[in-house]
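Biologist: I'm new to this one. Could you walk me through a single part of it, slowly and in plain words?

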Amino acid sequence: MSHALIVSKFGGTSMGDLASMQRSALISAERKSTVVVVSATSGTTDKLIEIAKSASQGRMDDCEKSVFSVKERHLGLVQQAGGHEQTVAMLQSYFTELDLLVQNISLLKELTPRAYDHILSLGERMSSLIFRDVLQAALPNKKVTLLDARTVIKTDSNFGKATPQIDVIEREAVARMNLSGDQVYVTQGFIGGDSEGNTTILGRGGSDYSAALFAEGISANTLEIWTDVAGVATTDPRLCPTARIIPELSYSEAGEMAQYGAKILHPATIAPAVRKNIPVFVGSSFEKDLPGTWIRTSVDHRPAVRAITKRSAQALVTITTPTMYNAYGFMSGLFEVFGRHRVSVDCVTTSEISVAVTVDNATLENEKFIRDLEQVGNINIEAGYSLISLIGNELTLKPSLAKTIFGAIDVVNIRMMSLGASSYNFNFLVKEEDSKSVIQKLHQTLIEEV
């Protein structure tokens with residue numbers, strides 16, 4: 001193939017208004033994107049969540065106000081973009097779809113997972129419809145085609161956080177897309193479809209993942225993630241003003257950062273890129289000429305500590321039972337419970353009769369999960385923590401690293417730590433109220449002063 005295949009993804013702020021869409025369209029045109037994956041307009045997914053919950057709770061006044069707000073915003077955008085008759089008609093059909101979903105949810109007084117996924121999909125479907133016209137205006141000599149992601153991103157039926165079917169996605173992508181360079185495709189992030197034709201979603205933040213799946217499906221040369229910040233930073237600039245943009249990251253570093261709280265990348269994004277060895281670029285659609293961050297298989301500079309991340313709203317769950325002593329099979333039974341409830345564990349430590357794990361606070365709302373854990377042993381739950389992660393290279397081979405860390409934050413109590421499972425991260429749990437000062441001190445000691 002004589003031309004490069006580029007998948008470009010634009011987030012919600014890049015779709016926030018007509019000016020943002022036009023900036024994103026110009027970037028797509030300049031980069032010669034093959035596939036453009038877009039998020040819902042900023043704030044729309046939250047509005048749709050409000051609508052779904054209000055309808056299920058019978059709060060129809062609140063529901064109607066939110067529905068009106070969503071309709072007004074998108075109708076205004078489509079008119080600003082030229083008000084093409086076919087686009088307006090399609091947008092109105094989405095509004096009808098929204099109205100019917102709301103009616104059904106309110107009548108049943110129940111928000112089923114399938115209805116929830118369907119109603120949330122409308123954000124991306126509306127934004128992509130409008131962006132197609134904006135991009136066509138920027139590319140008058142090319143055909144810009146709106147592609148329904150649900151026909152390509154095939155998933156299982158685990159509504160709320162569906163699992164993509166990788167082999168099927170690649171087959172559908174090749175079958176449904178003309179990759180000769182004659183067309184540009186605009187499609188939706190975040191959403192997919194199961195084998196029964198139901199709409200599914202990949203979970204919050206899943207638009208990056210969608211773009212990576214499209215890139216993998218067409219064996220793209222580059223995956224671009226365009227957002228409202230100028231690349232991946234050494235830590236969250238809102239927590240540490242001295243944070244700086246990282247010019248390059250390895251796949252391993254980026255994967256660890258995403259998993260442990262870096263907001264700029266969805267945790268699953270890196271895996272499809274790794275499978276096809278696709279370089280990933282992260283940049284700002286508001287400052288497109290800044291160098292951004294490149295993520296590749298290998299990098300030239302490999303510092304001991306590359307970045308510091310934070311996962312807020314963490315809980316420490318300790319499972320204790322005397323029967324664990326000198327017994328086998330306990331761990332498999334324990335983690336079978338986690339697997340059955342699809343609960344992700346970040347850090348684990350063990351003693352003779354107990355296991356301690358960190359989980360998101362939201363996990364504690366799953367009463368059935370907690371009851372099942374109680375069948376395994378006595379449960380103790382401590383909330384109000386943040387998980388701080390040092391991301392770097394060969395951390396297990398740095399003999400003075402622990403001394404440096406403890407010296408920098410000697411007045412803070414570390415509740416739990418984990419080092420050794422990976423040479424790319426060192427995790428420790430601290431109280432939420434200590435997390436900001438911990439990050440600032442560690443950033444100064446391990447990154448700024450190195």
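Modeller: Let's start with a facing pair: Met 417 sits opposite Phe 428 in S16. Before going on, a word on the source: this is a predicted model, where local features need pLDDT of at least 70 and side-chain atom pairs count only at pLDDT 80 or more, while totals for chains, interfaces and linings use all residues. Residues are numbered from 1 along each chain as its sequence is written, and side-chain values use heavy atoms, leaving out hydrogens and water.

S15 and S16 run antiparallel to each other, joined over four bridges. (Strands are DSSP E runs of at least two residues and helices are H or I runs of at least four, numbered from the N terminus; two strands pair if DSSP finds at least two bridges between them.) Both belong to an open sheet of six strands, ordered S12-S13-S11-S14-S16-S15, with antiparallel pairing. At the edges are S12 (348-350) and S15 (416-419), each pairing on one side only.

Now for a helix beside these strands. H12 (residues 401-408) has Leu 401, Ile 405 and Ala 408 as its buried residues, buried being under 20% relative accessible area with a 1.4 Å probe, protein chains only. Down the axis of H12, they fall within an arc of 70 degrees, so they line one face of the helix; the arc is taken from the directions from the helix axis to the C-beta atoms. Those buried residues pack against S11 (305-320), S14 (378-392), S16 (425-431) and helix H13 (432-448), where contact means heavy atoms within 4.5 Å.

Conventions: Buried < 20%, exposed > 50% of the residue type's maximum accessible area, 1.4 Å probe, protein only.
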